[in-house]
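Dear colleague,

I am handing over the structure we spoke about, with the sequence and coordinates placed directly below. Please have it open while you read the notes that come after it.

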Amino acid sequence: MTRMLLFRLLQLPLIVLAVYTVTFTLAWMVPGNPLENPEGRRPPPEIVAAMQAQYHLDDPLAFYGEYLAKASGVAWVMGTSPHPFDLGPSLRQPDWSVNEIIETGAPVSMRLGISAMMIALTVGIFAGVVGGMRPGGLADVATQLLSIVGISLPSFVIGSALLVLFAVKFRLFPIGGVSGVESLFLPALTLSLPFAAYISRLVRFGMIEQMRSDHARTARAKGLSQRQVALHHALKNAFLPVLSYLGPATAVAMTGSFVVEKVFAVPGIGQHFVEAVLAKDITLVMGVVLVYSTLLVLFNLAVDVMYRWVDPRIA
Amino acid sequence: MGSLSVGREFLGGGSYASVVKVLAPFLLLLIALIATTYLDPPLPRADLVIVERSDCFTLDPQRMSYQHEIRRGETIYEGLVALNPKDCSIKPGVAQRWSTSSDGLVWTFNLRRDAKWSNGDLVTTKDFVYAWRRALLPDTAADYSGFFFEIEGAEAFFHWRAKALAEFNARNSVAPTTAEDARALWETTESRFRDFVGIRALDEFTLEVRLRRPLPYFLDLCAFAPFSPVHRASVEQWTHLDARTGRMEQSHGWTKPPHLISNGPYVPTVWRYKRDMRLEKNAYYWDAARVPSQSVEVRVIENPNTQVLAFGAGGVDWLPDVGPEYKTEMLAQRRLFETRHAETIHADQARGMELDECIRTLPSPMFGERRDIRALNAYGTDFFSFNCRPTTPNGAPNPFHQVGVRRAFAMAADKQALIDRVTRLGERVATTLVPPGSIQGYPLVEGLPFDATRARAELANAGWVDRDNDGFVDDRDGKRFPTVDLLYSTASPRYQNLALALRDMWRRELGVPVEVRGKDAKLYKEDVKKGNFSIARGGWYGDYGDPSTFLELQRSTDGNNDRGYKNPAFDAMLDDAQRETDPDRRLERLAECERFLFAQEVPLLPICSYVTVYMYDPSRLHGIREHPRLEQHFDEFERIDAAEAEASP
């Protein structure tokens with residue numbers, strides 16, 4: 001276990017470096033210049049030149065090296081940068097550093113993503129178990145239908161419908177901003193639906209298989225009820241595929257919530273990322289990608305550790 | 001595969017162990033959720049909640065540029081004087097009194113002794129000198145540096161410094177410059193500013209400003225956010241001289257809470273970019289007793305759809321910019337409400353009440369009506385520019401160089417029809433550029449009316465008549481009127497719809513071939529700047545309370561004269577008017593300039609005054625002002641709770 005952990009942690013910087021390099025190349029290949037702004041504010045040419053030199057926008061290789069050194073903390077260790085993990089200033093919002101933008105947006109996106117995964121797990125496992133215990137039954141057909149809806153309906157449709165119904169019509173939830181738990185409920189629910197649907201299908205399939213297995217038959221022979229067999233014997237094994245899905249899914253829920261963030265005006269990191277790509281705000285794009293690829297690797301690691309714990313045979 | 005785990009359970013593995021294991025990821029997620037909530041705790045509701053479409057780029061007053069940013073600036077900072085939002089007259093700010101010399105060139109401001117920064121420091125003349133110097137340094141890259149050029153020596157100082165920095169850079173590329181070099185250049189800069197620029201602190205509380213020409217609207221400029229003071233000591237902690245470029249570099253940490261020190265009615269205490277900003281009443285503000293609301297939350301919601309839904313769900317007091325999808329339909333509901341109560345409203349308004357006050361006394365709207373949306377006339381005009389250059393970009397003679405052709409096109413446009421059928425926001429028809437009633441003492445100027453018959457006569461006078469009865473006008477040689485290239489930006493459907501409607505009007509009334517050409521915002525702007533159009537969509541919002549903010553656009557040399565309109569007679573008229581020292585006579589002469597422009601020359605075709613659409617419930621929110629400059633000051637806003645509102649209708 002310790003060896004696995006150490007090995008994976010050593011892998012982390014290499015994976016992130018690879019992601020950085022690929023993103024960097026792609027970002028640089030996009031035509032346009034982050035310092036030109038057709039809508040209003042155009043700094044005088046001499047200031048543009050000075051900024052280009054300052055950020056090495058005239059020299060991609062220097063940018064690549066310097067940004068990497070600052071972002072990774074190497075520059076800080078060497079004493080050439082005052083802060084560790086300095087992701088630089090945003091090129092389009094010169095008053096804000098990328099670190100500041102991520103610090104305000106990331107906790108919100110993470111909260112949204114985590115809440116969504118919690119809902120997805122609860123709903124998905126419940127629906128999967130109910131359906132998997134009696135395949136073809138009424139409950140199974142109903143949950144299957146719902147999961148198809150959850151997977152196929154785009155989130156802006158579900159989101160807008162929930163918004164109009166529960167926030168505007170019944171005034172049960174506030175809209176916009178993040179105040180308490182209630183303000184995140186609707187966006188988290190919207191975001192969770194496709195995940196819940198997928199989890200329910202994974203669990204259902206696993207349950208059907210497990211309930212037909214030898215050990216389930218043995219358990220039934222012991223005199224356990226159908227429910228006991230399902231909960232104590234079948235569920236654990238049926239849950240394993242969900243666990244391996246959970247790592248990347250949580251990362252996707254936390255990063256891929258752009259549409260939900262837009263519909264519900266949740267001030268997360270998704271909007272910054274998409275806008276940064278459109279505006280070619282390279283530092284912001286790189287910063288968000290770096291933070292998220294690190295998170296993704298760490299989530300997958302956490303899932304692997306849990307996997308070994310749930311099913312010690314894996315080790 | 002199953003036998004192993006079953007075996008373990010037979011050997012005494014807890015029967016609930018598997019359930020616990022299934023629950024474990026759930027618990028981990030819960031812990032993570034609690035941790036992120038702890039890292040980012042929610043704030044209690046503020047007294048006022050305002051929703052804006054975009055966040056401020058900066059809270060550095062000298063670098064502010066956008067309307068919502070300037071509005072925030074005027075809430076956080078206080079300049080020498082301030083505008084009274086009700087009628088846009090000047091009221092004292094940090095300066096208690098002021099006087100001007102008889103030639104109008106020297107202004108002396110006496111600062112109040114009780115004006116304080118939010119950390120308790122006194123606001124002194126040094127803060128103003130420092131702030132205004134920042135605005136005049138190219139290093140700051142301030143959008144409104146040009147406004148300060150009216151101060152004696154300021155423009156020369158700005159260009160001198162820009163040139164010195166360019167030379168410094170050139171030197172650096174030959175041999176590396178040192179911190180010493182940058183320091184020496186900075187010291188020269190400081191002494192040049194002291195010696196040549198007409199901004200002087202006579203003592204801690206007396207400021208003298210010398211202008212290069214009399215400027216009757218100088219006080220209006222002083223009320224503008226970029227003229228606000230900054231707390232020198234706190235800003236200087238974030239600046240340093242760059243040895244490589246010689247520039248005074250600043251990092252923007254001082255513009256964010258908790259470092260930001262301000263002198264206005266409110267201080268920002270939380271600012272989360274593109275998320276929200278929280279303003280708390282500044283306890284040290286000299287007039288704090290007047291400010292009704294303790295705290296203001298400005299939330300950013302970019303999606304216009306969600307904005308309106310958020311307002312509809314309650315909890316938002318003011319939406320200053322309603323998205324185009326909703327405006328027309330909801331405004332129609334407002335009109336229904338007003339129509340039903342028209343008599344009462346007219347009677348109340350005749351007694352001098354503002355519309356909001358009248359609405360407040362009326363019973364709640366019925367089904368299908370609403371009172372929480374309102375279109376207010378703004379300080380801007382929507383227009384289409386004629387390309388007045390003698391030739392088109394490909395060298396052919398340009399018919400719009402002829403005054404008669406421009407007049408014909410202007411009179412053939414039925415603006416009321418455009419407003420009723422295309423824009424549908426109930427705007428006021430405009431025949432001139434300065435919005436009526438926006439500047440005290442400025443007379444009403446009438447431009448050309450809609451008159452299709454006269455329009456055709458003007459076109460015929462200019463030599464364009466349908467000689468071959470093919471439905472299109474031709475010149476004397478029988479050559480058809482060149483196809484009019486009508487350019488618009490695709491940034492909003494409004495421009496496309498207006499362009500299409502105008503095309504049909506001109507084809508129908510004048511018999512000219514018109515083709516519309518939509519371009520995205522950037523390419524549209526490039527084409528406009530290059531003069532690559534016959535008629536192009538335009539629009540202008542005034543910057544300060546003087547007609548010249550609109551009229552100077554037509555000056556031959558003005559940077560925003562997209563029409564290429566060059567008329568020395570007009571330039572001379574404008575100069576003469578600007579030289580007039582008597583304020584009333586000056587406004588009269590500026591009105592003559594405008595009359596000359598729009599009754600005779602028509603370099604552009606005004607369509608309507610812009611409106612800004614707000615959402616707020618007048619029975620809940622007090623303090624919204626209807627003066628076209630739409631100076632809305634948060635420190636005058638007050639939310640009346642529903643119970644109180646019911647009790648005192």
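This is a predicted model: local features need pLDDT of at least 70, side-chain atom pairs count only at pLDDT 80 or more; totals for chains, interfaces and linings use all residues.

Chain A first. It holds 13 helices and 0 strands, and the C-alpha atoms of chain A fill a box of roughly 85 × 55 × 30 Å along the principal axes. Of the 315 residues in chain A, 45% are buried, and if one takes the contacts in this chain between residues at least 6 apart in sequence, 71% of them join residues at least 24 apart.

Chain B has a domain assignment, which gives domain 1 (2–39), domain 2 (62–257) and domain 3 (377–611). The centres of domain 1 and domain 2 of chain B, taken over C-alpha atoms, are separated by 64 Å.

As for how the chains meet, 55 residues of chain B are in contact with 57 residues of chain A. On the side of chain B that touches chain A, at least two residues each come from helix 1 (2–10), helix 2 (17–39), helix 6 (154–174), strand 12 (295–300), helix 10 (304–312) and helix 18 of chain B. Among these, helix 2 of chain B gives the most, with 14 residues.

The nonpolar cores come next. The largest one has 175 residues, and those with the most contacts inside it are Met117(A), Ile199(A), Val203(A), Val288(A), Leu136(B) and Ala310(B). Helix 5 of chain A (residues 98–133) provides the largest share of this core, 17 residues. If its neighbours within four places in sequence are left aside, Met117(A) is in contact with Phe195(A), Ala249(A), Thr250(A) and Ala253(A), and also with Leu29(B). A second, separate core comprises 60 residues, including Ala408(B), Ala430(B), Leu604(B) and Leu605(B). As background, nonpolar side chains tend to be buried together in soluble globular proteins.

In chain B there is also an open sheet of 5 strands, with the order 15-14-16-13-17 and mixed pairing. Its edge strands are strand 15 (514–519) and strand 17 (604–615) of chain B, each of which pairs on one side only. Neighbouring strands of this sheet are turned by 35° against each other on average, direction ignored. Within the sheet, strand 13 (residues 373–386) and strand 16 (residues 535–541) of chain B run antiparallel and are joined by 7 bridges, with Asp382(B) standing opposite Gly539(B) in strand 16 of chain B. Helix 17 (residues 493–510) of chain B lies across strand 13, strand 14 (484–489), strand 15, strand 16 and strand 17 of chain B, and runs at about 160° to strand 14 of chain B. Helix 18 (residues 521–530) of chain B packs on the sheet and touches strand 14, strand 15 and strand 16 of chain B, its direction making about 135° with that of strand 14 of chain B.

Most residues other than glycine have a negative phi, and most peptide bonds are trans. Phe85(A), however, has a phi near 50°; this residue lies in the loop between helix 4 (74–78) and helix 5 of chain A, and is partly exposed, with 15 other C-beta atoms within 10 Å. In chain B, a cis peptide bond with omega of about 0° joins Pro257(B) and Pro258(B), and Pro258(B) lies in the loop between strand 9 (248–250) and strand 10 (266–272) of chain B.

With best regards

How values were computed:
Residues are numbered from 1 along each chain as its sequence is written. Chains are lettered from A and ligands numbered from 1 in the order in which they are written. Two strands pair if DSSP finds at least two bridges between them. Helices (H or I, at least four residues) and strands (E, at least two) are DSSP runs, numbered from the N terminus. Axes are lines fitted to C-alpha atoms, for helices over the stretch in contact, and angles run from 0 to 180 degrees between N-to-C directions. Two residues are in contact if their C-beta atoms, placed from the backbone, lie within 7 Å. A nonpolar core is a set of buried Ala, Val, Leu, Ile, Met, Phe, Trp, Tyr and Cys residues joined through C-beta atoms within 7 Å. A residue is buried if 20 or more other C-beta atoms lie within 10 Å of its own, exposed if 12 or fewer, and partly exposed in between; C-beta atoms are placed from the backbone. Domain bounds come from an automatic or database domain assignment.
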